[in-house]
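Please keep the sequence and the model at hand while reading.

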Amino acid sequence: MVTLFTAPPVCAETLYISTEDYPPYNLRGADGKPTGVYLDQLKIIFERTGINYETTILPWARALALAETKPMHCVVAAARTHQREKLFKWVSPIHTDRNVLVALKDAQLTVDNLEDAKQYTVGTQRNDYTETLLETLKFSRIDLSADFDKTLAKLVAGRIDMMPMSESALNNLPKGQFSEVIVLAHQSLGMACNKSVPDDLIKKMQDVLDDIIADGTQRSIYEKHGLIVRP
């Protein structure tokens, strides 16, 4: 008996995927398109489901706004917070993140707990989940930028004292220049899609993501890109 494997039928509609330039998770390839940890997973998902898609790199606030307001638009990877849960349809987890506050290595900061950290100026990206998190934790000295690179430039220039980032992002920065100050949060991230995206497409994508998590493919992608993988 011969078993024939056929490609899944191609979805007639196109899914538009926006993300930010945030190494090692996303970075701009030679063709200007995003590549990296998240896109490696999405390529598998779209190949197996036959969904047409286009990807672009945008400032985070704009990418998030498009996913919330424009039909057939998604953003990756967004923190799946309580505030965002009902705003989108979700395919997750694309990543589970340990977020830390980071300072320059030679900064003279006295931080033993999050209360201590509140005396310093903390920078982050506008509409990033860490903005809401810092506000919820009652940080009062919050400085906002358009994207990760601008926030990092402010940190290097001494215009802010600390900034939140994933520990894998910290691990990807130049060695000896930055240091982890304290853990800010643990967070699950996923692809957040406009509520117009049909439920059957969301289910197909979630099923493939579940498969690549179960068979170890997602973990292998993390390791290929040098991410810190925690149980």
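1. The model is a predicted one, in which local features need pLDDT of at least 70 and side-chain atom pairs count only at pLDDT 80 or more, whereas totals for chains, interfaces and linings use all residues. Residues are numbered from 1 along each chain as its sequence is written, and side-chain values use heavy atoms, with hydrogens and water left out.

2. The elements named here are DSSP runs numbered from the N terminus: helices are runs of H or I with at least four residues, and strands are runs of E with at least two. Strands β6 and β10 pair in the antiparallel sense over 13 bridges; two strands count as paired if DSSP finds at least two bridges between them. In general, strands of a sheet pair through backbone hydrogen bonds, either parallel or antiparallel.

3. In what order do the strands of the open sheet stand? The sheet has 6 strands in the order β4-β1-β5-β10-β6-β9, and its pairing is mixed. At the edges are β4 (52–57) and β9, each with a single partner strand, so one side of each is left without a neighbour in the sheet. On average, neighbouring strands of this sheet are turned by 30 degrees against each other, direction ignored. Axes here are lines fitted to C-alpha atoms, for helices over the stretch in contact, and angles run from 0 to 180 degrees between N-to-C directions.

4. Strand β6 (residues 89–104) and β9 run antiparallel and are joined by 4 bridges. Val-100 stands opposite Met-165 in β9, and the bridge partner of Asn-99 in β9 is Ser-166. From strand β9 (residues 163–166), Met-163 and Met-165 point one way, Pro-164 and Ser-166 point the other way, and all are buried. Buried means under 20% relative accessible area, exposed means over 50%, and partly exposed lies in between (1.4 Å probe, protein chains only).

5. Strand β6 is mostly covered, with 13 of its 16 residues buried. A cis peptide bond, with omega near 5 degrees, runs from Ser-92 to Pro-93, and Pro-93 lies in strand β6. Another cis peptide bond joins Val-76 and Ala-77, where omega is about -5 degrees; Ala-77 has its place in strand β5.

6. Which helices lie across the strands? Helix α4 (residues 129–136) lies across β5 (73–79), β6, β9 and β10 (178–193), and runs at about 120 degrees to β10. Helix α5 (residues 148–157) lies across β6, β9 and β10, and runs at about 130 degrees to β9. The buried residues of α4 are Tyr-129, Thr-130, Glu-131, Leu-133 and Leu-134. These buried residues pack against several strands, including β7 (122–125) and β8 (142–145).

7. In the loop between β7 and α4 is Asn-127, a residue other than glycine whose phi is positive, near 70 degrees. At 36% relative accessibility, Asn-127 counts as partly exposed. Lys-138, in the loop between α4 and β8, also has a positive phi, near 70 degrees. Lys-138 is exposed, with a relative accessible area of 66%.

8. How do helix α1 and helix α7 meet? The axes of α1 (residues 37–49) and α7 (residues 199–214) come within 9 Å and cross at roughly 125 degrees. The two helices are therefore oblique to each other; angles under 35 degrees count as roughly parallel, over 145 as roughly antiparallel, 65 to 115 as roughly perpendicular and the rest as oblique. Residues of α1 such as Ile-44, Ile-45 and Phe-46 are among those that meet residues of α7, including Met-205, Val-208 and Leu-209. Contact means heavy atoms within 4.5 Å.

9. Helix α1 also packs with helix α8 (residues 217–224), at an angle of about 145 degrees and with the axes 9 Å apart. On the α1 side, Val-37, Asp-40, Gln-41 and Ile-44 meet Thr-217, Gln-218, Ile-221, Tyr-222 and Lys-224 in α8.

10. Finally, Arg-62 is found in helix α2 (residues 60–69). Arg-62 is exposed, with a relative accessible area of 52%. Arg-62 and Arg-126 are 64 residues apart in sequence and 9.6 Å apart in space, C-alpha to C-alpha.
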